[in-house]
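Welcome! Take a moment to look over the sequence and the model below, and then let us walk through some of what can be computed from the atoms.

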Amino acid sequence: MNKETPLVYELSQEGKKGFSLPHSHFDSSDISKLVPESLMRDPEMDLPSVSEPELVRHYVNLSQKNFSVDTNFYPLGSCTMKYNPKINEDAARFDGFANIHPLQPEDSLQGIMKLLFDLESSLKEITGMDRFTLQPAAGAHGELCGMMLVKSYHEARGDMKRKNVLVPDSSHGTNPASAALFGFNVVEVKSDERGRVDLAHLKSLINDETACLMLTNPNTIGLFEDDIQQIQKAIHDVGGLLYYDGANMNALLGIARPGDMGFDIVHLNLHKTFSTPHGGGGPGAGPVGVKKHLIPYLPTPLVKEEKGVYSWDEDIPDSIGKLRAFLGNIGVLVRAYVYIAHLGREGLKQVSQDAIINANYLKKKIEEHFTVPFPGFCMHEFVAQAVKQNDLGVHATDIAKRLLDFGIHAPTIYFPLIVAEAMMIEPTETESKATLDQFVKVMLTIADEAVEFPERLHEAPFTLAISRPDEVKAARNPILTYKDYRASKDNNGSSSISTTGVPVHAG
Amino acid sequence: MSNWLPLTETDRSEMLKELGVDSFEQLIEFVPKDLRISDLNIPDGLNELELMRKTKALAQTNQSTSDFMSYLGAGCYEHFIPSIVNHMLSRGEFYTAYTPYQAEASQGTLQTIFEYQSMMSELTGMDLSNASNYDGASATAEAALLALRHTRRNKILVSKSLHPDYRSTIQTYLSGDDYVIEEINWSEKGFLDQTQLLASLDKEVAALIVQTPNFFGVVEDFEKITEKVHEVGALLVAAVNPISCGLFKGPGQWGADIAVGEGQSLGVPMALGGPALGFFAVKKALMRKIPGRLAGMTTDRNGNRCFTLTLQAREQHIRREKAGSNICTNQALLALAACVYLSAMGKEGVRKVSEYNFRSALYLKEQLSKVKGLEIVFSGTSFNEFVIRSKNVSVSDIQKQLKDFKIFGGVDLGRFYSEFKDCLLICATETKTKEDLDKFVNAMKQILS
């Protein structure tokens, strides 16, 4: 493999082109006669000129520098890197889904509207909620939507002092960020020695200023919050709401439902539990489900059905408004619909069962060599610690990087923040026992290597195109564009290579 | 059982045995019994063939641009997409990868983000671009938040000719605090009303948010306005259609501080308005405040050139409640589409597409202006969209009759602005030939005669 792939700019050559466009048969008079000079752009723009075969090779070569679910085991905790079914991709690209405009008349969109309506029905049933908005584009977008609903709900009741949003110290970074972005005061709840919400601490923090508690269940350690009934009662007793971060819903399909646990608001990550691809960072979809008392505040529009005819319901007087333009990440919603329709009620149940079996199996197989901080069975993922290895000078980041040499993507590391040297491992249900056994073998090999030659592991990976990018240099002298790069070449100083690993990662 | 699940019954029982339990139920004893459900009330699973049939039937119930000739725009556009774009997106190595946190395992994604950032910065005339936001509307709302934070002021001025969904999204995003949003009207030609602007522009203003081409399709000259905005210490946020930047000056070239918008025009199908991609580009001064991910170039342990996510101290996974934005998942795969599209088009192709759109819409505008009963509403320069008024026949009647011609003849502007109940917003791109446009004009003639 080439260590450095040229930038597309470096392939550029005057006279080459990668496009084939129609000739215009309109008024052919000089463009400068038609466009005022003050508005017109100088045509000399720095974009590359490359032929199509060269472009294809360029991007295919680049693709091969990625690890992906299609090519590697990807046990990245909290991210649910399950197989992305191919039929989903075909369906989303059907002409009747891909080439439709959001402002077409409703009678020309009945197929997609039915699909969205049916998807909403399935999501309601799976979570035990009363209505969903399909508009949010991602989990964090769903959280923001949730915070808006919380505020509208309290204010509509004339309850104006609800300024606090509680989040466990093990929560995803998006939870406090979403609450703060919408002007709430973030209050952190401690975890107890069992890795769950410390109920006593929670009770000491809640009062008539509590707007809501955001909770992931199972939590980011992969443990079921078994006090959930007491938690929900405590929150509701002080008039607060309970928000469900659905990042870990893959553990609960057909087993239990957030709606039955007392959650008032739920977001789902369709790009986790419902198999839509992560796309190298997106797009996802973060539908938000609510109980009856929050329906009046949902964003506009919703899909409405009357006698088999579907329409957009824009008439929601107390709605929080719009979270984005148009209707949502429709292509992602189509994929999730296909996923649910294929698995059906038995299949979905099996998904969570297999995810839980796989996670517990891995935990059991490696816990002798890597510390597992909390005892008992986990749900669909677990956290192990490189504690013994730390004593040898080997860190979670070194283990993560060494795994890459064996063709296995790293787990999520240094998250949750409350666990030292954390490695969060989530195999998902779409991995075979053989793959899991191979992973175990590799982990044990690395445990041995940590004893035999700890220093060497600081230099892993050894077999990939690159190893240990200099993060400090990247942040100190940011080169963010080709233009920056050319400028930097003109005053190129010597650089110090840092061996520090990548910081926290969390889905 | 599903072909997506590799565990066999034997595997399951062996693994359970390994775990020292007899049944799956024993693994989930932490889940209180009264919370467990025995079944989901959803239909049984379908096999792949049934599922394909069912889903295709739903798709075929819709009227797509293959069935109808569409003149709809308003923030979501029908453009030609070179085949190469979808083929590159369909590489499993790209679309089944996660966010490139592990740089060594993600050089492909990271380099394409770097290339995307480079090309978007160039196109918009800005210094740097992030790796994408959700869409144009949410990117614009995040720009408002950035400006409020950056200037520590609490008022935002928004052009009323900014896309109504964008204005509504700004409103929603800002409703958590006591911010003031003031809307600035348009003038007769369709330009921002400068008199009203100057009356509202003071040292409490964090930003003026404008759009060009604006929602009515009018290309605006904001150079002098930007100077005024800067004089009071506020930022100029410009929402732009990136493909218009092939022909018209990019916002960076006339002084904007933040350029945002919808990148769907760059190689992404309409798909009922999503998923597409918001882009977010800024001047250097705002580099450490830009929301979302950034890929940067650096070197590795062996001195090789490589790429990594950088300036992550801005982001939620490090800063939690102190982060400037909560964004995590973005629209990466569509940023890759834009990257491949721009690489294929190059400067010559982008210019050509941009000019084609301009000439095509200009022709349609001229032809429709000659139809009896129609008049062009704004005299300003347009890009690929414009507004016409129907003096005698109602907009809904026109739309109803256009169905017989299999034409979606523009957006009913009254849906967004009560003062334009008799107007259509019409868009023409490079997907239409001269003959197509003539067909539309003739249909309008027949309807209005």
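Across all chains, a search of the whole structure, which is a predicted model, finds zero disulfides, a disulfide being a pair of cysteine sulfur atoms within 2.5 Å. C79(A) is in no disulfide, and its nearest cysteine sulfur belongs to C328(B), 7.8 Å away. In general, a disulfide is a covalent bond between the sulfur atoms of two cysteines.

Are these cysteines buried or exposed? C79(A) is buried, with a relative accessible area of 0%, and C328(B) also counts as buried, at 6% relative accessibility. Here buried means under 20% relative accessible area, exposed over 50%, and partly exposed in between, using a 1.4 Å probe and protein chains only.

Now to the place where the two chains meet. Chain B brings 192 residues to the contact and chain A brings 220 residues, where contact means heavy atoms within 4.5 Å. The table gathers some values for this interface.

| Feature between chain B and chain A | Value |
|---|---|
| Buried area (accessible area lost by the two parts on being put together, 1.4 Å probe, summed over both) | about 18,100 Å² |
| Share of the buried area on carbon and sulfur atoms | 63% |
| Salt bridges (side-chain nitrogen of Lys or Arg within 4 Å of a carboxyl oxygen of Asp or Glu) | 13 salt bridges |

One of the salt bridges joins E459(A) and R301(B), whose closest N and O atoms are 3.5 Å apart. On the side of chain B that touches chain A, helix α11 (residues 332–369) of chain B gives the most, with 23 residues.

What does chain B look like as a whole? Chain B holds 13 helices and 15 strands; these are DSSP runs, with helices (H or I) of at least four residues and strands (E) of at least two, numbered from the N terminus. Its C-alpha trace spans about 80 × 55 × 50 Å along the principal axes. Of the 449 residues in chain B, 68% are buried.

A few notes on reading the names and values: residues are numbered from 1 along each chain as its sequence is written, and chains are lettered from A and ligands numbered from 1 in the order in which they are written. In this predicted model, local features need pLDDT of at least 70 and side-chain atom pairs count only at pLDDT 80 or more, while totals for chains, interfaces and linings use all residues, and side-chain values use heavy atoms, leaving out hydrogens and water.
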